[in-house]
Amino acid sequence: MSVPGPSPPDGVLTAPPDCLGAAEPTLGLSDTSPDEGLVEDLMVDDKAVEQLAEGLLSHYLPDLQRSKQALQELTQNQVVLLDTLEQEISKFKECHSMLDINALFTEAKHYHAKLVNIRKEMLMLHEKTSKLKKRALKLQQKRQKEELEREQQREKEFEREKQLTAKPAKRT
């Protein structure tokens, strides 16, 4: 009932192994290579090859083109995402640098306040030293005046004592 076809190449099973007789050798899948036993002088019609190729292309080409389009879209989306990511990174860097700048301004204000306080203290110390110098000058002048008055007082006392001392009278 079956139509006899071309005989299979050597080593290729045509029926399940349990249907074969014990006299026939059975070959496992790993016993032979796929190229072994092929008929090398196989005549193939060019038109059949062309039709098979066209069928193969028509079967797989639309899926491959859709895959290619999807990969291109993914690549474009990746580029857009990378650009966006770089922009976000630059924004974070700017924010970080702004925080650094704000910290510097805060530190500058702090040191400015310190300088203002130091300047006030220096002005206050200058005023105090000026007042102390004036006071020292007044005290020195007062001492000199007191010494001069004492000296004058001593001279007066000395003159008075001189006048009070007995003088020999002059004979005339």
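At which residue does α1 bend, and which proline follows within four residues? In this predicted model, α1 bends by about 35° at Y60, and the proline that follows within four residues is P62. The secondary structure of the protein consists of 1 helix and 0 strands, and buried residues account for 1% of the 172 residues.

**The helix**

**The surface**

- The accessible surface of the whole protein comes to about 17400 Å², and carbon and sulfur atoms contribute 59% of that area.

**The salt bridges**

- How many salt bridges does a search of the whole structure find? The search finds 3 of them, and they are described one by one below.
- D63 and R66 are joined through their side chains in a salt bridge, with a distance of 1.9 Å from N to O.
- These two residues, D63 and R66, stand 3 residues apart in helix α1, so about one helical turn separates them.
- Of this pair, D63 is partly exposed at a relative accessible area of 38%, whereas R66 counts as exposed at 53% relative accessibility.
- E88 and K91 form another salt bridge between their side chains, with an N to O distance of 3.7 Å, which is inside the limit of 4 Å that defines such a contact.
- In helix α1, E88 and K91 are also 3 residues apart and are therefore separated by about one helical turn.
- E88 counts as partly exposed at 33% relative accessibility, and K91 is likewise partly exposed, with a relative accessible area of 47%.
- R154 forms a salt bridge with E151, and the closest N and O atoms of this pair are 3.1 Å apart.
- Both R154 and E151 lie in helix α1, where a spacing of 3 residues places them about one turn of the helix apart.
- R154 is partly exposed, with a relative accessible area of 49%, and E151 also counts as partly exposed, at 37% relative accessibility.

- Why can residues three or four places apart point the same way in an α-helix? The reason is that an α-helix has 3.6 residues a turn.
- The spacing of 3 residues in helix α1 is found for D63 and R66, for E88 and K91, and for R154 and E151.

Notes:
Residues are numbered from 1 along each chain as its sequence is written. This is a predicted model: local features need pLDDT of at least 70, side-chain atom pairs count only at pLDDT 80 or more; totals for chains, interfaces and linings use all residues. Side-chain values use heavy atoms; hydrogens and water are left out. The bend at a residue is the angle between axes fitted to the seven residues ending there and the seven starting there. Buried means under 20% relative accessible area, exposed over 50%, partly exposed in between (1.4 Å probe, protein chains only). Accessible areas come from the Shrake-Rupley method with a 1.4 Å probe; for residues, only the protein chains shown count as cover.
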